[in-house]
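Please consult the sequence and the structure shown below alongside the text.

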Amino acid sequence: MGGISMESQLQLPLLGSRREPLLQHSYKLCSHIQKTTEHLLDILRILTERFLPHIKLSELEKVFFSKIFPKTIELFDHLLYEISAEAKSLTNKNVQLNMTLRNHLQALIHMLEVLTDCVQHICSRQEMVPLEHVYCLPSSVLHVIKNTFLHCKSSESLYAECLHVVSDLLQSLFKGTYGLQKQFMMLMDILSINSCATEDSIRIMASVIHTMLEICSAISSIDHALHANTWKFIIRQILKHKSLIKDSLKHSDIFSGLCEDILFSFQSCLQLAEHMKLSGTQEIIDYKVFQRTIKLCRFFANSLMHYIKEFTSFLVDSCYQLHQTYLQIYSKFPPSLHGLVISEAHQDEIARGFLMSLDSLLLPLLSFRPFVEVVLSKTLALSPELHFPQCQLLLSLMEMLPSQPQDVQALWNRGSQLPEEIPRLPLFAALLLSLQQCPSELSLPVFLQRATETEQAEGPLTFYHYVCIHLCTFITSLSVSHFHLLESFLLETLLGPNMIMALLAMDVWCFLARYGTEDLCAHHAFIIAHVVKACPAECYQVSFLGVLLRRLLFLMAPDHQIKFTQKFLPKDSENLLLWQHLSLQALLPLHRHQVAHELFVAGLVRCQEWLNSEKSLNELPQINMALSALLSMCQSARETLKEEEQAALMGALGQIAVHLSATQISSLACFQQTFCLTLQLLQLFIERLEPQLLIQILSLQTSLLQLNSPDHVVIAVLDFLSSVGRPIIPPDFQVQFLSSLSCLFGSLLANNSWLIQQHAIESFTQFAEGTSHEPILQKCLNSVEIKTKVVDFLSKSNHIEETPKAKADRMKEENALFMHFFLEARADGQRALIEEPSPKRICYSPTEVQYKSAVDNAERALETMKQLLQKGPPPTWFAKKLEALQATLHSLKNSIH
């Protein structure tokens with residue numbers, strides 16, 4: 001073959017100094033011979049099988065590899081090019097082309113076999129192989145492996161409908177490449193690099209790592225076992241030669257590859273679990289693949305952890321990707337609204353088998369400032385599906401931090417301090433900010449479970465409960481030096497537009513008050529009290545502050561409570577604003593009786609003064625404050641009132657109720673508040689209510705419904721109606737009472753608003769349970785549909801079955817609505833701070849909303865007059881008033897330019 005006889009081949013061991021000239025002759029033969037590919041491969045096989053075993057290890061590179069491998073790679077590239085070109089022209093009918101293509105694929109398989117034998121021969125020497133003796137081998141072999149795998153990966157699109165013609169050879173090709181890579185990895189394990197290695201050795205070793213990384217990308221979707229083994233090899237080689245190659249590695253590429261493969265494997269795992277959930281069956285094969293995929297995910301997570309531990313300082317630019325990878329994984333996993341629907345058993349397996357390993361990645365990064373700056377960045381911009389995972393990440397960090405040194409805790413808890421630092425938030429502030437983006441998860445039943453390695457998973461907790469527990473636990477480890485930051489962010493959250501976040505801030509604040517000293521609790525209570533008094537009464541934040549103060553009062557020591565009442569005397573009318581938010585149940589009995597009496601006198605006197613005066617509209621806010629303080633007192637200490645005090649209160653409330661008109665209530669917010677507070681107070685003493693006054697109130701409520709009053713007024717009416725079944729109505733008043741009541745309930749139960757209708761059903765149910773006038777019940781239910789809804793409510797039946805996916809979709813929509821509202825509210829607040837009015841500017845141009853409100857009020861008043869005219873003749877002065885109104889309207893019309 002090629003001019004070399006079998007005899008000369010057998011004499012090679014005896015050739016000595018003649019061996020190299022003979023090899024050179026063969027090289028020239030390879031270079032110049034114009035024969036078929038098969039002949040060239042035969043020559044390559046002969047050189048490998050006959051010449052290679054007789055070359056010293058120290059001469060391999062110079063004598064063999066540097067001469068043979070360039071030609072081999074040239075032949076490989078030519079074959080692969082021809083195969084790709086022929087595959088594009090392949091058809092089922094072109095027999096000749098099919099045969100040529102198969103021959104070329106077969107030749108490629110033979111080349112892989114030869115290269116495998118070559119590598120195997122070196123491995124069989126059972127000694128460490130210095131890299132400088134095989135310089136050309138790694139790059140040449142990896143070039144073949146990588147490009148062959150890429151060809152196999154693209155075979156489906158390359159061969160298209162003719163794939164079946166060569167599928168058997170492609171399988172053999174993949175198998176041969178697999179074997180070559182396996183043999184190559186064995187060789188690399190016995191390869192040694194001198195501690196004083198040259199730049200070439202370091203460059204070659206780094207190139208091996210980077211090329212194997214490309215191979216990982218090529219085979220990730222083809223063979224999971226090979227994919228994992230390739231990564232094991234990469235990590236093993238990196239750790240083995242760490243001191244030499246650490247500065248030459250593309251760390252960000254390696255890190256990125258691991259992150260991408262974790263995501264890909266995890267997605268595959270979830271898809272398998274979803275398939276088993278949707279199919280309703282769990283095939284043994286599917287389940288085994290599912291378990292193997294979990295192990296693969298865990299392997300990647302552990303590999304990533306090893307890499308982080310060894311090369312943390314090189315990962316400055318990779319922190320963002322790691323953060324995103326963590327968030328994306330948890331965004332696809334229940335209970336995320338964007339996660340796939342899988343069974344609880346599979347959730348538990350994934351949590352134990354993979355997510356616990358993923359969380360362990362955080363430990364070596366806790367002291368790494370670039371990671372801290374990414375996670376706590378003030379400018380962090382996340383897509384909607386990543387806000388909930390961000391909360392989960394921050395909560396996991398809170399669990400880990402208490403066991404860390406003080407400097408690490410300070411890094412996370414103090415935020416950025418200097419202008420040159422990258423702006424970052426304290427950990428608890430970042431959590432509060434992220435939670436504001438998750439109103440649905442906090443408000444609705446989203447459950448979390450935390451599995452442990454040795455114990456059963458904790459029972460399911462609502463996300464709100466879970467957050468509250470972890471945040472309060474974290475506070476116990478917080479340095480006192482960071483408390484001022486915590487208090488500041490809690491107050492900021494409390495004053496924000498998000499009610500559920502305000503409640504969370506209250507819960508945490510109360511824990512802080514209980515966890516701290518008595519003096520700290522009292523100090524907080526006094527500060528909040530001053531803030532409440534300083535805020536405008538109509539400000540919605542006052543309600544949140546009032547609830548917090550109410551709870552803090554329960555936590556205060558008795559001597560501090562006494563100091564509080566001495567500082568904010570209940571008998572001073574200016575303090576009624578404060579006491580309207582407080583519960584006297586927090587006080588000791590003797591102290592409670594004294595405060596209740598002072599509040600009662602102050603509130604009642606204020607109401608009586610207004611009733612005995614001209615009943616100025618400007619004074620109505622003060623009356624509302626007095627009524628609110630009386631309501632709070634009666635709800636928490638009604639038993640302290642004597643009979644004559646109750647009678648005096650009922651008398652004042654009756655006069656206020658009679659004074660109010662439907663037109664006033666429907667058009668002015670201050671009258672609406674007066675009306676609602678009066679109803680709530682009357683409801684507490686409903687048994688003492690005179691029948692005539694009760695009927696007047698029902699008549700007023702009927703008029704209000706006809707004027708389309710605001711929802712909160714209608715709900716106050718419903719709350720009052722729920723208790724009117726308790727008083728005993730004399731026979732003389734029963735007809736009028738029952739007629740008004742059935743009309744009211746009938747109208748409210750048929751209301752188109754789901755909110756009003758739900759409250760109406762609840763109110764009607766409570767009325768039905770307490771009334772002795774059972775015949776009226778049927779009159780209230782004036783349609784089959786309403787009767788069905790009431791029956792369903794009583795039986796607690798639900799005809800709407802919501803699937804988990806439908807529930808998640810609904811919650812995502814609600815999240816979007818919440819966020820839109822909160823963004824608008826925040827923007828309004830910022831505009832209010834920026835756009836301060838000029839001190840010289842007193843008058844403002846009316847807005848369109850103000851014009852609309854005035855017109856609506858006028859229309860309501862006219863509608864009321866129309867209804868009154870239908871019921872009976874008007875007074876004698878009515879016509880003149882109408883003429884005056886008509887003149888006013890004409891004047892207004894003429895004033896429009």
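Arginine 726 is partly exposed, with 42% relative accessible area; buried means under 20%, exposed over 50% and partly exposed in between, with a 1.4 Å probe and protein chains only. The model is predicted, so local features need pLDDT of at least 70 and side-chain atom pairs pLDDT 80 or more, whereas totals for chains, interfaces and linings use all residues. Residues are numbered from 1 along each chain as its sequence is written, and side-chain values use heavy atoms, with hydrogens and water left out.

**Salt bridge of arginine 726**

- Arginine 726 and glutamate 687 form a salt bridge through their side chains, at 3.1 Å from N to O; the term denotes a side-chain nitrogen of Lys or Arg within 4 Å of a carboxyl oxygen of Asp or Glu.
- Arginine 726 belongs to the loop between helix H34 (711–721) and helix H35 (731–749), and glutamate 687 to the loop between H32 and helix H33 (691–706), so the pair ties together parts 39 residues apart in sequence.
- Helices here are DSSP runs (H or I, at least four residues), numbered from the N terminus.
- Glutamate 687 is partly exposed, at 49% relative accessibility.

**Other salt bridges**

- The structure holds 14 salt bridges.
- One of them joins the side chains of lysine 146 and glutamate 214, at 2.9 Å from N to O.
- Because lysine 146 lies in helix H6 (residues 136–153) and glutamate 214 in helix H9 (residues 199–219), this pair links parts that are 68 residues apart in sequence.
- Lysine 146 is buried at 18% relative accessible area, while glutamate 214 is partly exposed at 40%.
- Glutamate 421 pairs with arginine 369 in a salt bridge, their closest N and O atoms lying 3.0 Å apart.
- Glutamate 421 is buried at 15% relative accessibility, and arginine 369 is partly exposed at 31%.
- Salt bridges with shared partners connect Arg369, Glu421 and Arg424 in one network.

**Packing of H30 and H32**

- Helix H30 (residues 643–659) packs with helix H32 (residues 669–684) at an angle of about 145°, the axes being 10 Å apart; axes are lines fitted to C-alpha atoms over the stretch in contact, and angles run from 0 to 180 degrees between N-to-C directions.
- The contact (heavy atoms within 4.5 Å) involves Met650, Leu653, Ile656 and Ala657 of H30 and Thr674, Thr678, Leu681 and Leu682 of H32.

Technical notes: Helix = DSSP H or I, 4+ residues; strand = E, 2+ residues; numbered from the N terminus.
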